[in-house]
Each structure stands twice: as structure tokens, then as C-alpha cells.
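Dear colleague,

Please find below the structure that I am handing over to you. My notes on it follow directly after.

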Amino acid sequence: MPLIAIPNVSTGSDAKIVGGLADAVRGAGAILLDTHSDATHDRSVFTIAGPDDRLVEATVALAERARNLDLTEQRGVHPRLGVLDVCPFVPHGETTMHDAVLAARSAGEKIAALTEIPVYLYGEAALRTPAPTLPELRRGGLEALRARAKRGLGPDFGGEASDRLGVVCVGARGVLIAFNVWIKGDIEIARAIARRVRESGNGLAGVRSLGFEIAPPDICQVSMNLTAPETTGIEAAFEAVESHADALGATVAATEIVGLPPQRFMPPANARATRLLKEPGRSLEAALREAEL
């Protein structure tokens, strides 16, 4: 089984630009399994696979193409630190976390050298101790990160970040599921639900969450990263959001799975979280079979 990378690029509203980014991945010899673009978030999530060396070259090629973007013009609701915002490497099948770490560090060094975009390593790929987490790097945005750099938390590769390009966070991690729930309710309700379900607010184990306004005044989203899906999966996260929404006078309108979760974490076909999906979910294994990998 190949190694997986899931780079997130800070653009999602222009199909031609997104297509050019996808072409950069394919041109480097990696397999593009999935592209998820969202205009409101102004973000595209690519799931790519291949041998370690081709995967590294594909992420470098993506970073080079992303240099054409301008972070100062990005207006999406999703937090971001760079035009190529985050690039995690994830082991799958016979590949190991060690493989993911080596690939992430190689990609990070090459991205900084060839694009002049500074790179921070996080998670299992981090070189410093304690290893920074992605939320820690993102806290306060790019300006706050640059201020911390002046106090000693500089990038692992590269120099000072520019306003236009920002930085790239390159990491190695296990499975993370991006799962969103649309609610009919105002932004304060969405934020309240997000506070209640996230682990740091004494909510669900392994859940990171934010509330976003999608279509004012009353269509909002609780956007979640399930970082320990073996403990808190899609069904449990959905049920918690729906319960809090009911208590606060809001209703759940739809759900969304971003990317390709492994089959073992996909909810059953008859689960309410599945029946409310905006688009049918697809597993990583299904995509790999379609790609004949």
C-alpha cells in the first residue's frame, strides 16, 4: 500500500486554479485520489498517494504552483497560515509512521529550498521537543506565529514568512477525519456547540471544532477534526452536535465528510449522519481500488 499525503491549499473558489494545482500533483507522478474544494472556506483538500519519493515530489510541485496565490486576498472562513497551509503525511497499509516522518521531513526541506516558503514541522515529524501541534502553530494566525518566531520559535526550514505566501506546516500523523455538520441557527449557536463538543472544552475525546457562518443569518457549520476516530467517530460526533443543537433551539440540516476516511471509520448506511450527507461519502480503500493501487 502507498503512503498518503493530504495537502490543504488556501483556495477553493476558482475551478481553473484548483485544476492547475491538481495537474501539478499528477505531473509529479503521484496519484490524485480525491479533491474537495469549498468556496466558503476558500480551501481545497487533496488526497494523494504514491511511493514515498513521488509523494514528496508531488507536494513540492504543489507548493511551487501555490506560489501563484496570494494569502492577503484569501477571504475564506477557515483559519490559515499559508497558501499551502498544511501538508500531513499519513501511513496506510504496510507503510509505517517512520515512513511518513521521513517523507514529511524530506518534503519540508525541499519545499523551503525550492519555493522560499518557510516550513514548520509538526506532530510526529517535528524536530523540536516538545513537538508543536497544528493548533499551537495556528494560534493567533500568521502575525502571532511571526512574533513567536522572533522569540525563538522559528521555522524548521527557511527564513521569514511573507504576507503573500505565509508558511507551510508539514507533518506526519495518524488518521484524522474532517467532519462538518450544517445547522439552521445563528453563528453564536454554532460557536457554542463547537465549544461544547471539543475536547479542550471538556467535550468529546480527540475532537477539535470551530463554528463558521456559511449563509447569514441562520445557516452555519460546526466544523470538526476527529483526531482519535477510534475513540470518537463520526456517529458520536454527529449525535453530540445534534443534541446540543436541539438544546439551543437549532436544527441539523446536513453533514459532510471531507476527504477519504478509512473504511473502518465510515458510518453505517442507515445512520442519520450518513443519510444527511450533502454528497455520498467514499472510503480511502474504495478510492485506492479505483486507482488500482
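How many salt bridges does a search of the whole structure find? The search finds 12, where a salt bridge is a side-chain nitrogen of Lys or Arg within 4 Å of a carboxyl oxygen of Asp or Glu. One of them joins the side chains of R146 and E143, at 2.1 Å from N to O. These two residues are separated by about one helical turn, because they stand three residues apart in helix α5 (residues 141-150). Helices (H or I, at least four residues) and strands (E, at least two) are DSSP runs, numbered from the N terminus.

Please note that this is a predicted model, in which local features need pLDDT of at least 70 and side-chain atom pairs count only at pLDDT 80 or more, while totals for chains, interfaces and linings use all residues. Residues are numbered from 1 along each chain as its sequence is written, and side-chain values use heavy atoms, with hydrogens and water left out.

Helix packing

The axes of helix α2 (residues 52-66) and helix α3 (residues 97-115) come within 9 Å and cross at roughly 35°. Here, axes are lines fitted to C-alpha atoms, for helices over the stretch in contact, and angles run from 0 to 180 degrees between N-to-C directions. In the contact (heavy atoms within 4.5 Å), α2 contributes residues including V56, V60 and A63, and α3 contributes residues including A103, A107 and L114. By class, the residues of this contact comprise seven nonpolar, three polar and five charged. Ala, Val, Leu, Ile, Met, Phe, Trp, Tyr, Cys and Pro count as nonpolar, Asp, Glu, Lys and Arg as charged, and the others, Gly among them, as polar.

The second largest pocket

This pocket holds about 330 Å³ of space. A pocket is an open set of points on a 1 Å grid over the protein atoms alone, where a 1.4 Å probe fits, with protein on both sides within 12 Å along at least five of seven lines; lining residues have an atom within 4 Å of a point. The volume is the space filled by probe spheres set on the points. Of its 17 lining residues, H36, E256, I257, E279 and P280 are the closest to the centre. Strand β3 gives the largest share of the lining, five residues.

Backbone features

The peptide bond from T129 to P130 is cis, with omega near -5°, and P130 lies in the loop between β6 (119-123) and α4 (134-138).

Yours sincerely
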